[in-house]
Amino acid sequence: NRANYMTLYADILRDRGKFTEAQDCLFKAVRIAEALKDTFALGMCYKGIGHVYVGTQNMDKALEFYRKAYQSFDELNDREYSINVLTDIGISYRKSKPDSSLYYYKLVLAADSGNANLRTRVITLFNMGNTLVALGQIEKARSCYDEVFDICQKYGIVSGIPKVYSGYGSLEASKGNIRKAEEYYKKAIVLTQQADDRSTTIELMGELMR
């Protein structure tokens, strides 16, 4: 319906830094979704509004709308999107409140304890590892990266291996082992180049040059 298209358009506006316009678009979409009693569309609208508030650094309002999004998806028993919202919250808190970020990542892992979505698990564990590195909890971070590596090896998730190598690189860098860190980042870059994943390659090159 129209609410879904407006949500997509709001995402474009947000990516361009037009937060006020994106927010106006999303609140209009909310009214349409409510009129149609479309709970899924409503959840997507709330999720989008949460993203906008993250963009404007208003985490209290972001959390308010993420929770509304979660409630909408939970009402539909849509496990995938419920977990997705928890992941969004964890990512949003990554820099400002790393402990809160870890809390939501753990909720994601608990909700997906049956490994229903292995790619989600890989991304969550990798993000947890990054947060733990930032907190100086090196061994716990290594445990997360090791688990990502095991999952990727066992289930053939090729896209996860560069994440592991970059994670190991960040661990070595945090300990001052620059040469080892460079080796891991270079391994990750080779794999992303082979996969023609340009955005990740550029991101890793940035890490390598720090």
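The buried residues of helix α1 pack against α2 (19-36) and α3 (39-55). This is a predicted model. The points below cover α1 first, then the cysteines.

**Helix α1: span and end**
- Helix α1 covers residues 2-15, which is 14 residues.
- From first C-alpha to last, α1 reaches 20 Å, close to the 20 Å expected at 1.5 Å a residue.

- Six names make up the buried set of α1: Ala3, Met6, Thr7, Ala10, Leu13 and Arg14.
- Viewed down the axis of α1, these buried residues fall within an arc of 115 degrees, so they line one face of the helix.
- An α-helix has 3.6 residues a turn, so residues three or four places apart point the same way.
- Tyr5, Leu8 and Asp15 are exposed, on the face of α1 turned away from its buried side.

**Cysteines**
- A search of the whole structure finds 0 disulfides.
- Cys25 is in no disulfide; its nearest cysteine sulfur belongs to Cys45 and is 8.6 Å away.
- Cys25 has 9% relative accessibility, so it counts as buried.
- For Cys144, the closest cysteine sulfur is in Cys152, at 13 Å, which is too far for a bond.
- The cut-off for a disulfide is a pair of cysteine sulfur atoms within 2.5 Å.
- Cys144 also counts as buried, because its relative accessibility is 8% and buried means under 20%.

Note on methods: Residues numbered from 1 in each chain as written. Predicted model: local features only at pLDDT ≥ 70, side-chain atom pairs only at ≥ 80, totals over all residues. Heavy atoms only, no water. Helix = DSSP H or I, 4+ residues; strand = E, 2+ residues; numbered from the N terminus. Expected span 1.5 Å × (residues − 1). Buried < 20%, exposed > 50% of the residue type's maximum accessible area, 1.4 Å probe, protein only. Arc of directions from axis to C-beta. Contact = heavy atoms within 4.5 Å.
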